[in-house]
Amino acid sequence: MARLRIKDILKTTPTEQTIIVKGWVRTFRNNSFIALNDGSTNNNLQIVVDFNKTPEDILKRITTGAAISITGILVASLGKGQSVEVKASSIEIIGDSDAEKYPLQPKKHSLEFLREIAHLRFRTNTFGAVFRVRNTLSFAIHQFFNEKGFLNLHSPIITSSDAEGAGEMFHVTNFDISNPPKDENGQIDYKHDFFGKPANLTVSGQLEGELAALAFSDIYTFGPTFRAENSNTTRHLAEFWMIEPEMAFSDLNDNMNLAEEMLQYVINYALKTSHDDIEFLNQRLLEEEKQKPQNERSEFSLIEKLNFCLENNFERITYSQAFDILRECNYNKKKKFNYLIDKWGVDLQSEHERYLVEKHFKKPVILIDYPKEIKSFYMRQNDDGKTVAAMDILFPGIGEIVGGSQREERLEKLETRMDELGIPKDELYWYLDTRRFGSCPHAGFGLGFERLVLFVTGMTNIRDVIPFPRTPKNCEF
RNA sequence: UCCUUCUUAGCUCAGCUGGUUAGAGCACAUGACUGUUAAUCAUGGGGUCCCUGGUUCGAGCCCAGGAGAGGGAGCCA
């Protein structure tokens, strides 16, 4: 007889059929009731043990964390709290778990503690829900782009281009780093390195994505990205996953439409497909909110917040409009911002972004047309000579979740800008070739996958939505 | 990297103005009970008070340095 998954058992009508189920013990109450979980769902299956007919040494080994196999009959539950349960006819201990040493207890643990035992935190309700939702979102993204006819491109993880300037990079080498070969000037001689030149882990697949978009029209990448920044925040990782679509024959407007449609699609998909898990996370947050003073509680529950995003269009405004709103707002006039908004052209600080999203509009905001000085070289220059066709999508509680732009497709404009910023054109000849041969308007963006998972799960620390977070001074597991 | 808070039992935390043997809940062990929902009740074991140095008759508590963690900022996704 085949083992059944708990998710399916809980949906089955009980007719006293005999089944086999395997999983890990969450709690064992009253010497009679096992809460069994196999990770297929957040809900546990209750196993009823007749302790009078079960050997003492088996009962003693049914401990929190133990892996067990149950053969029994599926019946309607006599107790409250579950509709079906399994009356065990035989119990096999597959893997013991010493209750005194097993760190997880049937009680609430702090997220900080669970982060230190990330190898075991999958077995908790919260992280079970988080990583099932993460899986659902990942699948939804692929499905969304597949339905739209986008080609999934595997952009390289090791690159030799360091011309992009998108942050500090991790160096890739097979040199003996205590004794690398040197040239006649005493400099490290990369000619003898594995690739014959310096190489790094990618900080973005965008440039490669553009090359493919100018052949396949619509592509997206979904892969790991690495930044060696010394960032210690709740929304940065040294290794994270990014989704980067790129569309040929498209402008900034198409770009905004795609990003908004995609975010709404995957949120909607998660709400429907991962309903139980999101409901659990929703309850978890409500409990947490009860601990807070009234004025710090959020207006919306997690599910209300997600639905709100589906029912309302994102607010679309230009940098200049945002600048005016911020300059004229009471916060600015009363000097409540740490950084005053006074001169057009300043970069917005996160306190300003939060004001716009959380206080002024109270919904996701798409900011476009930023001053060119504060944005990258590849963004398309607007006719005003001051701004570029950039877009950032800001989410409540998360901040920037998407950063993108229409790309500069005009060779001369692009080269001029690269010269101004001192970006070596010869190293990026391949990028410029797309502008030499059959260039066309195109646009794309980068979506931080973990930031999306943060938003949908209502978690607040990005280290809790990736299985094994890599951050400065932390590369455990 | 900067600012700030924290570090006491396996976990979550209390510990007064520096004072004698450092506590609670949960977990664990033993027993009772047996349709429980983080079961309940009784009993019990469990401590490098983060580390190093200093002040003091006396330091978990004060001072200096260090390590680690949380929150905020910058960089960004």
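Trainee: Why is Lys-473 called exposed?

Mentor: The relative accessible area of Lys-473 is 88%. Exposed means over 50%, buried under 20%, and partly exposed in between, computed with a 1.4 Å probe on protein chains only; at 88%, Lys-473 is therefore exposed. This is a predicted model, in which local features need pLDDT of at least 70 and side-chain atom pairs count only at pLDDT 80 or more, while totals for chains, interfaces and linings use all residues. Residues are numbered from 1 along each chain as its sequence is written, chains are lettered from A and ligands numbered from 1 in the order in which they are written, and side-chain values use heavy atoms, with hydrogens and water left out.

Trainee: Why does Asn-30 count as exposed?

Mentor: The relative accessibility of Asn-30 is 63%, which is above the limit for exposed residues, so the term applies. Asn-30 sits in the loop between S1 and S2, and has a positive phi of about 60° although it is not a glycine.

Trainee: Why is Asp-38 assigned to the buried class?

Mentor: Asp-38 has a relative accessible area of 8%, which falls below the buried limit, so the term applies. Asp-38 is found in the loop between strand S2 (33-37) and strand S3 (45-48).

Trainee: What makes the pair of Asp-38 and Arg-5 a polar contact?

Mentor: Their side chains are 3.4 Å apart. A polar contact is a pair of N or O atoms within 3.5 Å; within protein, one must be able to donate a hydrogen and the other to accept it, and residues adjacent in sequence count only if both atoms are side-chain atoms. The value for Asp-38 and Arg-5 therefore meets the distance limit. The side chain of Asp-38 also reaches the backbone nitrogen of Ile-6 at 2.9 Å.

Trainee: How do you know that S1 and S2 pair?

Mentor: Two strands pair if DSSP finds at least two bridges between them. S1 and S2 have five bridges, in the antiparallel sense, and therefore qualify. Within this pairing, Trp-24 stands opposite Asn-37 in S2. Five strands close into a barrel in the order S1-S2-S3-S5-S4, with mixed pairing.

Trainee: Which residues come nearest to RNA strand B?

Mentor: Asn-30, Lys-80, Thr-233, His-236 and Arg-451 come nearest, of the 47 residues around RNA strand B. A residue is near a strand if one of its heavy atoms lies within 4 Å of it. S15 gives the most to this surface, with four residues.

Definitions and conventions: Helices (H or I, at least four residues) and strands (E, at least two) are DSSP runs, numbered from the N terminus.
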